[in-house]
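Please have the coordinates open while reading.

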Amino acid sequence: MADSALKDAPANPQFDPAMVKQVEKAPLVLNNRDYHWITEKICGIVEVKTNKWWWILFIPSFLLMLWVPFGFTYLILTGIGVWGQNAPVFWAWDITNFVFWIGIGHAGTLISAILFLTRQKWRTSINRAAEAMTIFAVICAGLYPALHVGRVWMAWFLAPLPNANGIWQNFRSPLLWDVFAVSTYFTVSLLFWYMGLIPDIATLRDRATSKIKRFAYGFFALGWRGGNRHWRNYEMAYLILAGISTPLVLSVHTIVSFDFATSVIPGWHTTIFPPYFVAGAIFGGFAMVLTLMLPARYMLGLHDLITDKHVDIMAKIILLTGSIVGYAYIMEFFIAWYSQNPFEQWAFLRNRISDPYIFSRVFDVPPAPYWWAYWCMMSFNVISPQLFWFKWCRYNVWVVFAVCMAVNAGMWFERFVIIVTSIHRDFLPGSWGMYSPTWVDIMTFIGSHGLFLTLFLIFCRFLPMIAISEVKGVLPQSDPHHGHDDHSHAADHSHAPAEESKAVGLRGQTASGH
């Protein structure tokens, strides 16, 4: 665009050279960094002595993680009665946490697959960490339904395997669809993450100074040498996995929403759940990506790679998806009113929205037992992201981090509100009850955060958390026509084969790290 403006300058008497600068895009890598600097910076995180910040974060995370095996061992030995489930709240914190972690795992595949297919170059600095976050979040999510079955040693019955009892699963149940969807999503996400790692693992192999590291990285590099044939097969495999992953982004949380939408419980029985859940998952996932990447950028000095432009774009996505989620919240009330279903209206007015200060007085109804959870959800998920309408908020790291933390909490409250407030008062008033978590619920949930952070910190310590080869691909030097002005375009065409050969050579350098 800038070239065309310069070309048209003599024919436009009102041409202002300052206009050209206004259409120039902000660079994705700051300070004109070269290939060597990128290799040294990203590999240096893995190769140098462990940062003190890493130990400060790792030790408490590891200690919190120990609550997971302790809580689950105590649960298996004692029974799921140690959780706070009761009649009628048979689903409580366990399923709430399951949906919460599954939602967080959606941003990684979105950034890697959909943004890759749409050729969004800004994804290159954050896609690797987002993919790792996806895998670790799904691991945390998978713990809860596996333990919720009660008899964990019988969980293999979830798989359609022939058995002596002739017992088969109910394939019409969305709970079984969850098993297939989540396991498929985890497998494809793991392959997608590992496929992108191969060129960078080869770089670490070539730079390794000890035999153990050279053997370990060499084993997982699968003999990568950065040749033209390797790159051709790599790019084709990456493209195929991106195509497979894209429908999974939409299908997995859609199927999770079917756990509720296919029932007849007021508050669950609605067709808006699939798009609502998908938008909410992307919303919460991007918030978690920023929650992890902003401290990493500060502690590891990655400001030239994770720029303010990356933060700005992700903040805009949070604003967009947060507005979609807010629209879904409003539409739930509209559907309850428009359907004139008294049970739906009761579920939203008496069980959720009615606070003791305003709505209970306006509608002359008693306050909802869990009104505080509903208004936390609305405040964190709908109101707080509206700050991102202002540019200064999107470029203020503290504001962005605070909003992302609010969104993380708000998305958990959303799942709690959907699950608990819809079933603690069912059709029979005689069976109404309240739910409150036990110490096992609380400590297991906190322990899952410790497990998530522990896995993420181990990933950052031993593997490149930023895709070296992909970041090099967005540098101006990677463009074969970089540095050529308009007067030399005709000559450039005559040297096209040489330029293509040069581009392949640069791409090979990104793999070997030279």
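What volume does the largest cavity have? The largest cavity has a volume of about 40 Å³.

## Basis of the values

This is a predicted model, in which local features need pLDDT of at least 70 and side-chain atom pairs count only at pLDDT 80 or more, while totals for chains, interfaces and linings use all residues. Residues are numbered from 1 along each chain as its sequence is written, and side-chain values use heavy atoms, with hydrogens and water left out.

## The largest cavity

The structure holds four cavities of 30 Å³ or more. A cavity here is a set of points, on a 1 Å grid over the protein atoms alone, where a 1.4 Å probe fits but cannot get out, and its lining residues have an atom within 4 Å of a point. Grid points are joined across faces, edges and corners, and a volume is the space filled by probe spheres set on the points.

Around the largest cavity, the lining is made up of Gly267, Thr270, Glu332, Ile335, Ala336, Glu344 and Phe348. By class, the lining has three nonpolar, two polar and two charged residues, where Ala, Val, Leu, Ile, Met, Phe, Trp, Tyr, Cys and Pro count as nonpolar, Asp, Glu, Lys and Arg as charged, and the others, Gly among them, as polar.

## The second largest cavity

The second largest cavity also has a volume of about 40 Å³, and its lining consists of Phe100, Gly103, Ile104, Gly280, Ala281, Gly284, Asn408, Met411 and Arg415. Two or more of the lining residues come from each of helix 6 (93-104), helix 12 (273-300) and helix 18 (397-423).

Four nonpolar, four polar and one charged residues form this lining. Because domain 1 (32-151 + 176-242 + 437-474) and domain 2 (263-435) both contribute to the lining, the second largest cavity lies between them; the domain bounds come from an automatic or database domain assignment.

## Buried residues

Thr254 is placed in helix 11 (residues 228-261) and is buried at a relative accessible area of 17%, buried meaning under 20% relative accessible area with a 1.4 Å probe and protein chains only. Apart from neighbours within four places in sequence, Thr254 is in contact (heavy atoms within 4.5 Å) with Pro274 and Val278.

Cys43 is buried at 0% relative accessibility, and Cys404 is likewise buried, with a relative accessible area of 0%. The structure holds zero disulfides, a disulfide being a pair of cysteine sulfur atoms within 2.5 Å.

How values were computed: On a 1 Å grid over the protein atoms alone, a cavity is a set of points where a 1.4 Å probe fits but cannot get out, and a pocket is an open set with protein on both sides within 12 Å along at least five of seven lines; lining residues have an atom within 4 Å of a point. Helices (H or I, at least four residues) and strands (E, at least two) are DSSP runs, numbered from the N terminus. Buried means under 20% relative accessible area, exposed over 50%, partly exposed in between (1.4 Å probe, protein chains only).
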